Amino acid sequence: MHPNVSQGCQGGCATCSDYNGCLSCKPRLFFVLERIGMKQIGVCLSSCPSGYYGTRYPDINKCTKCKADCETCFTRNFCTKCKSGFYLYSGKCLENCPEGLETNNHTMECTSIVH
Amino acid sequence: AQKAIIRVIPLKVEPITLEGVFANVAEVTPAEGKLLQFHPLSLCNTSEDEHTESGFITIVKLERPDRDLHPCLSLANKAKLAGERGARAILFDITDDKTAADQLRKPRGLSQPVVLIWGHDAELLMGVVNKNREAHVKIEVKEPPAWPDYDVWIL
């Protein structure tokens with residue numbers, strides 16, 4: 001297959017090749033590296049997988065991993081769900097809640113103390 | 001340049017023996033491990049780089065330079081990073097990018113060997129990769145042919 005021709009390309013690729021999958025994505029799509037067994041290929045997604053957030057650059061839109069203590073996030077510094085053992089407060093993951101707040105072990109968030 | 005013998009031993013399939021060339025950027029030394037392919041846009045020293053167990057042999061199929069891939073690092077630095085990430089050797093398929101040989105000519109003393117492969121040998125290797133067959137790879141230093149011991153010397 002001629003590398004330029006998109007026959008073998010997945011839907012979102014702008015360019016691709018037999019061995020590497022997507023090399024670049026169509027506009028607005030995110031470029032992600034995916035490992036399948038011993039192969040690693042490029043894929044183009046409309047949104048980033050869970051555990052990643054999207055960053056748009058002039059030449060490529062990329063998915064970047066959330067912080068180590070965060071399971072899902074909007075941006076690097078705005079977490080939406082923390083990993084086990086951490087409480088979510090204002091987009092941050094804390095091991096203990098700030099003074100004046102209490103831990104909600106159901107939602108794993110810091111919440112106001114209810115008197 | 002020093003030639004390399006690359007023995008590829010796929011699971012349940014006949015082994016194949018290929019030839020490549022050691023790049024000067026790294027030491028010329030044998031190596032072996034499980035074959036693992038990396039995308040040319042990987043190995044960027046970012047959090048997206050996956051954490052693989054060490055002891056593997058990296059293979060990167062390079063694309064034509066005119067495909068404008070905006071690589072994040074030079075090939076030498078990618079080879080260095082692969083070594084830091086646990087690769088025992090890095091194979092570059094330069095069939096579509098012969099400029100790679102120039103990029104990897106300058107000695108940098110990388111401890112993991114870097115081997116260039118191209119043409120039919122590379123095609124056979126990438127055939128194994130494309131079938132996603134787990135394979136073990138042994139890289140050996142090809143010894144130059146020993147001089148036959150003539151008694152008579154022509155001066």
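How many salt bridges are there between chain B and chain A? The count is zero. A salt bridge here means a side-chain nitrogen of Lys or Arg within 4 Å of a carboxyl oxygen of Asp or Glu.

This is a predicted model, in which local features need pLDDT of at least 70 and side-chain atom pairs count only at pLDDT 80 or more, while totals for chains, interfaces and linings use all residues. Residues are numbered from 1 along each chain as its sequence is written, chains are lettered from A and ligands numbered from 1 in the order in which they are written, and side-chain values use heavy atoms, with hydrogens and water left out.

1. **The interface.** 27 residues of chain A are in contact with 25 residues of chain B. Contact means heavy atoms within 4.5 Å. Together the two chains bury about 2,300 Å². Carbon and sulfur atoms carry 49% of that area. Buried area is the accessible area (1.4 Å probe) that two parts lose on being put together, summed over both.

2. **A charge over a ring.** R35(A) lies over the face of F38(B), 4.8 Å from the ring centre. For this, NZ of Lys or CZ of Arg must be within 6 Å of the ring centre and within 35 degrees of the ring normal.

3. **A stacked pair in chain B.** Which ring pairs with F38(B)? The partner is F56(B). Rings of Phe, Tyr and Trp (its six-membered ring) pair if their centres lie within 6.5 Å; planes under 30 degrees apart count as stacked, over 60 as edge-to-face and the rest as tilted. The centres of F38(B) and F56(B) are 5.8 Å apart and their planes are at 25°, so the pair is stacked. F38(B) lies in strand β3 (residues 31-38) of chain B and F56(B) in strand β4 (residues 56-61) of chain B, so the pair ties together parts 18 residues apart in sequence. Helices (H or I, at least four residues) and strands (E, at least two) are DSSP runs, numbered from the N terminus. Both F38(B) and F56(B) are buried. Buried means under 20% relative accessible area, exposed over 50%, partly exposed in between (1.4 Å probe, protein chains only).

4. **A stacked pair in chain A.** The whole structure has two aromatic pairs over all chains. One of them is F74(A) with F78(A), stacked at 6.0 Å centre to centre with 25° between the planes. F74(A) is exposed, at 60% relative accessibility. F78(A) is partly exposed, at 39%.

5. **Disulfides.** There are seven disulfides over all chains. A disulfide is a pair of cysteine sulfur atoms within 2.5 Å. One joins C13(A) to C22(A), S to S 2.0 Å. Its S-S torsion is about -65°, so this disulfide is left-handed. C13(A) is buried at 3%, and C22(A) is buried at 1%. Another links C25(A) and C44(A), with sulfur atoms 2.1 Å apart. C25(A) lies in strand β2 (residues 21-25) of chain A and C44(A) in strand β4 (residues 39-45) of chain A, so the pair ties together parts 19 residues apart in sequence. C70(A) and C79(A) also form a disulfide. Its torsion is about 95°, so it is right-handed.

6. **Helix α1 of chain B.** This helix (residues 75-84) is mostly covered, with seven of its 10 residues buried. Among them are L75(B), L81(B) and A82(B). The buried residues of α1(B) pack against β4, β5 (87-93), α2 (99-103) and β6 (114-117) of chain B. G86(B) follows α1(B) and has a positive phi, near 110°.

7. **T58(B).** Is T58(B) buried or exposed? T58(B) is buried, with a relative accessible area of 0%. T58(B) lies in strand β4 of chain B. Beyond four places in sequence, the contacts of T58(B) include F38(B), A82(B) and I90(B).

8. **Salt bridges.** The whole structure has 10 salt bridges over all chains. E140(B) pairs with R7(B), the closest N and O atoms being 2.9 Å apart. E140(B) lies in strand β7 (residues 135-141) of chain B and R7(B) in strand β1 of chain B, so the pair ties together parts 133 residues apart in sequence. E19(B) meets K3(B) in a salt bridge at 3.5 Å, N to O. K3(B), E19(B) and K142(B) are linked in a network of salt bridges. R105(B) forms a salt bridge with D102(B), at 2.6 Å between the closest N and O atoms.
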